[in-house]
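User: Hi! I've just opened this one and would like to go through it with you.
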Amino acid sequence: MEAEDLDGKTGLPRTGLEVHLASRPNGWPVPENFRLARVELPDLADGQVLVRNTAISVDPYMRGRMDDVKSYSAPFALDKALEGGAVGTVIASRSVERAVGDVVVHFHGWREYAVLEGGATKPVDTSVAPASAYLGALGMTGLTAYAGLMQVAAFTPGDTVFVSGAAGAVGSLVGQMAKNLGAGRVIGSAGSAAKVQRLLELGFDAAFNYHDGPVRDSLKSALGSSAGIDVYFDNVGGEHLEAAIAKMNPFGRIALCGAISQYNNSSPAPGPSNLALAIGKQLMLRGFLVGSYQHLAPEFASRMGRWLASGDVHTDETVVHSLPSAPQAFIDMLRGANTGKMIVALD
């Protein structure tokens, strides 16, 4: 990486590197869809801060924003920096809300430096957990898992819970939360034998590699003596959703969090062929966005803080180093190369 361009008087950077969206992917993203650019940093206006990012998050939902289609969030603009969760340190401030040295989270990732309003940042306590945890277990990722399990799927103690994509950032937390809250049985699916083993180490009662055969057969074996599934937390869609519907108990609840198996399809994927079963079983299938559940943030933060401190929740991070590596880290994450949260450390 080229040397920093610093102001001779203040010692502050005058420019910074950003990852821009160079073109919209057609199917799976490729490195050529991204471009590394050095841009001038604007002078701070009143109320603004300059943050040196130390880690950024790459997440599955970002794939949808790379397409120029109407969705719940505006598409990323071409030839401009992408956006996403980031954590960093305030190195200059004209805001009464933030001081130099504050460690904050914000939504101006995919860049070395972020100039933003002080109120658009949130301070974090690194005595509770490392700063990167606020991109994962203590951040939007953790709140997604908690809201989906507790409010969307209306989890109750004794439930049999199935989580797809369970070795990922959200799924691994869902399973551990369910166990801590008294689930009768927790089952996870993952994409490799090593990930299956990790899920068992995290306390899942059963786990399977979805590459080993039809998901419906693997799920049936993993259920063991359990009659069926009460809660399905869906991160994958497709074959997983169809298999879960087949094994749901009457009045089962399905939280639709993601459909990563379909994000890179160039044409629409067919829906589950057995959706009509939801009628006779009286199932609830509900999609959700974490932004609608911010009211749960204080409750979640309190519980997650205690679980982390006690060791009842363990977090995994797959760390890739340097901003130029971010596009490949994103591509690899979509292909399942990560265990737990995929983090890009800007060192």
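**Salt bridges, sheets and helix contacts**

User: Is Arg 94 buried, exposed or partly exposed?
Analyst: Arg 94 counts as partly exposed, at 44% relative accessibility. Here buried is under 20% relative accessible area, exposed is over 50%, and partly exposed lies in between (1.4 Å probe, protein chains only). This is a predicted model, in which local features need pLDDT of at least 70 and side-chain atom pairs count only at pLDDT 80 or more, while totals for chains, interfaces and linings use all residues. Residues are numbered from 1 along each chain as its sequence is written, and side-chain values use heavy atoms, leaving out hydrogens and water.

User: Thanks! What does the Arg 94 side chain meet?
Analyst: It meets the side chain of Asp 46 in a salt bridge, 2.2 Å from N to O. The term means a side-chain nitrogen of Lys or Arg within 4 Å of a carboxyl oxygen of Asp or Glu. Asp 46 sits in the loop between β2 (34-40) and β3 (48-57), and Arg 94 in the loop between β4 (86-93) and β5 (103-106), so the bridge ties together parts that are 48 residues apart in sequence. Those elements are DSSP runs numbered from the N terminus: helices are H or I with at least four residues, strands are E with at least two. Asp 46 counts as exposed, at 60% relative accessibility.

User: And how many salt bridges are there in the whole structure?
Analyst: The search finds ten. Another one joins Arg 253 and Asp 159, at 2.7 Å from N to O.

User: Where do Arg 253 and Asp 159 lie?
Analyst: Arg 253 is in strand β12 (residues 248-256) and Asp 159 is in the loop between α2 (140-152) and β8 (160-163), so this pair ties together parts 94 residues apart in sequence. Arg 253 counts as buried at 15% relative accessibility, and Asp 159 is buried too, at 6%.

User: Nice. Which side chain does Lys 179 meet in a salt bridge?
Analyst: That's Asp 205, at 3.0 Å from N to O. Lys 179 belongs to helix α3 (residues 169-180), while Asp 205 lies in the loop between α4 (193-201) and β10 (206-209), 26 residues apart. Lys 179 is partly exposed at 29%, and so is Asp 205, at 33%. There's also a network of salt bridges linking Arg 198, Glu 201 and Asp 316.

User: While we're at α3, is Gln 176 buried or exposed?
Analyst: Gln 176, which lies in that helix, is buried with a relative accessible area of 2%. Leaving aside residues up to four places away in sequence, it touches Leu 202, Phe 204, Asp 312, Val 313 and His 314. Touching, or contact, means heavy atoms within 4.5 Å.

User: At what angle do α3 and α8 pack?
Analyst: About 85°, with the axes of α3 and helix α8 (residues 297-310) 12 Å apart. That makes α3 roughly perpendicular to α8. Axes are lines fitted to C-alpha atoms (for helices over the stretch in contact), and angles run from 0 to 180 degrees between N-to-C directions; under 35 degrees counts as roughly parallel, over 145 as roughly antiparallel, 65 to 115 as roughly perpendicular and the rest as oblique. Leu 173, Met 177 and Asn 180 of α3 meet Phe 300, Met 304 and Trp 307 of α8.

User: What about α2 and α8?
Analyst: Their axes come within 10 Å and cross at roughly 110°, which makes α2 roughly perpendicular to α8. Residues making the contact include Tyr 146 and Met 150 of α2, and Phe 300 and Trp 307 of α8.

User: Switching to sheets: what's the strand order in the open sheet of six?
Analyst: It goes β10-β9-β8-β11-β12-β13, with parallel pairing; strands pair if DSSP finds at least two bridges between them. The edge strands are β10 and β13 (284-287), each pairing on one side only. From one strand to the next, the twist averages 15°. β8 and strand β11 (residues 229-234) run parallel and are joined by three bridges, with Val 161 and Val 231 as bridge partners. Helix α6 (residues 238-247) packs on this sheet, touching β8, β9 (185-190), β11, β12 and β13, and its direction makes about 155° with that of β12.

User: Last one: in which sense do β3 and β6 pair?
Analyst: Antiparallel, over five bridges. Arg 52 stands opposite Tyr 113 in β6. Strand β6 (residues 113-117) is mostly covered, with four of its five residues buried.
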